[in-house]
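Reader: I've got the fold open on my screen. Can you walk me through it?

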Amino acid sequence: MISRVHKLRRAVILKKFLIILAVFIFGIFSHAEAADYNITKYHVYMTVNENNTFNILERITVDFLAPQHGIIRKIPWRNAIIKDSYYDNGYSPERTRITRYRTAEVKDIIIDNEKSSVQNLKNDIAIKIGDPEVTLTGLKSYDIEYLYNIGPDNNIGFDEFYFNIVGPNWDTRVDNIAFQIKMPKAFEKADSIRFYQGKPKVYGASRAIHYGMSYKVEGNTITGYYKPGLAPGEALTIQIRLPNNYFIGATNPVAPKITTNDSASTDGVKLRPIEWLAIIVTIILVFFVHSLVSGNSIFDGFFSGGRDGSSGGGSGGGGGSSW
C-alpha cells in the first residue's frame with residue numbers, strides 16, 4: 001500500500017511538472033505567434049475635414065519572418081467610449097462611469113496593386129490583403145486609403161479630435177511610427193495637443209506620453225514621429241481640444257450590414273506545425289508523468305477495456321492561426 005507521505009510526494013512532483021510544462025508550452029505558443037511578422041514602418045497621412053470626416057492613407061511596411069499571404073487590416077466602425085461624471089452629494093464626490101457606443105463609417109477603401117477583399121464584422125471592417133495562391137517572406141509595403149466618418153461632435157461646450165494613429169489590435173510590434181495630420185482650420189496649439197500610448201481599457205491609449213514623441217505644428221498641420229514604437233496590443237492616440245462648433249456640416253454615419261461574425265472572420269482556424277507538435281508532446285508527457293506518479297501503465301485502459309469495467313476513449317480540440 002502506498003503511504004500517505006508517498007502520495008503527497010508524488011502529487012508535489014506532478015504539480016511542479018505541470019507548472020514547468022505550462023511555462024514551456026506558453027513559450028512555444030508565444031514564440032510561434034510572434035514569429036510571423038513585424039511591422040517595420042507605420043506612416044499615417046490624414047486630412048481632417050470640416051464635417052468631421054477623415055481622409056486617411058496608411059503606408060505600412062511588414063517584414064514577414066515566415067511564409068504568409070498578406071495582412072488583415074481591421075478598422076473599427078463601432079467604438080466604445082467611457083466617460084466619468086462626478087456628483088457632489090454633500091459628503092464626498094461620487095463618480096459614475098458611463099459607457100456609450102459611437103458608430104463610425106468606413107468607405108471609399110482603396111488598396112493599390114494588391115488583391116483584397118472586405119468583410120463587415122461585428123465591430124470592425126476587415127480588409128484582407130494578399131493573394132491566397134502566393135506566400136511572401138521578407139519586406140512588403142502596403143498602401144491603404146479610406147474615408148472615416150465619425151459623425152457630429154457630441155461634446156458640450158467644445159469639440160474634440162480624438163483618434164488612434166495606430167490602433168490597439170495589432171498582434172505584433174510596430175516600429176518607425178510617423179504621422180502627418182492636416183486640420184481644416186486654425187486651432188489653439190499651446191497645451192491643446194495630447195498624445196497617449198499603451199494598452200487601452202476601452203477606447204484610445206491609456207498613458208500620457210512624456211518622452212519619445214517628437215512633433216511640430218506648422219500652420220494647421222501636425223507632423224510627428226514616435227521613436228519607442230509599440231508592443232503588441234498597444235495604441236498611439238492623439239487628442240486635441242477644439243473650440244465649440246469647430247466641426248460643422250457633419251452627417252450621421254451609416255452602420256454597415258454585417259457579412260460575417262468575428263468567430264468566422266478572415267483570421268483562419270488552423271494550427272501551425274509547431275503548435276501541433278506542442279500539443280502532441282504535452283499529451284505524451286502528461287500520460288508519461290501520470291504513469292510514473294500513479295504506478296499504472298498508460299496502456300492499461302486500452303488493452304484491458306479500461307479499469308473497473310469502464311471503456312477506454314479520448315477527445316481532441318482545435319485552434320486558430322493568422323492569414
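Reader: Over how many bridges do strands β12 and β16 pair?

Author: Quick caveat: this is a predicted model, where local features need pLDDT of at least 70, side-chain atom pairs count only at pLDDT 80 or more, and totals for chains, interfaces and linings use all residues. Residues are numbered from 1 along each chain as its sequence is written, and side-chain values use heavy atoms, with hydrogens and water left out. Strands here are DSSP runs (E, at least two residues), numbered from the N terminus, and two of them pair if DSSP finds at least two bridges between them. Residues 193–198 (β12) and 235–242 (β16) run antiparallel, and the count of bridges is six.

Reader: Which residue in β16 stands opposite Gly-198?

Author: Both strands belong to an open, antiparallel sheet of four, ordered β10-β16-β12-β13. Its edges, pairing on one side only, are β10 (159–166) and β13 (207–208). Opposite Gly-198 you'll find Ala-235.

Reader: With which side chain does the side chain of Gln-239 make a polar contact?

Author: Gln-239 sits in β16. Its contacts (heavy atoms within 4.5 Å) beyond four places in sequence include Tyr-162, Ser-192 and Tyr-196. A polar contact is an N or O pair within 3.5 Å; within protein, one atom must be able to donate a hydrogen and the other to accept it, and sequence-adjacent residues count only if both atoms are side-chain atoms. At 2.6 Å, the partner is Glu-160.

Reader: Which residues does Ile-238 touch?

Author: Leaving out residues up to four places away in sequence, the list includes Ile-165, Ile-181 and Ile-222.
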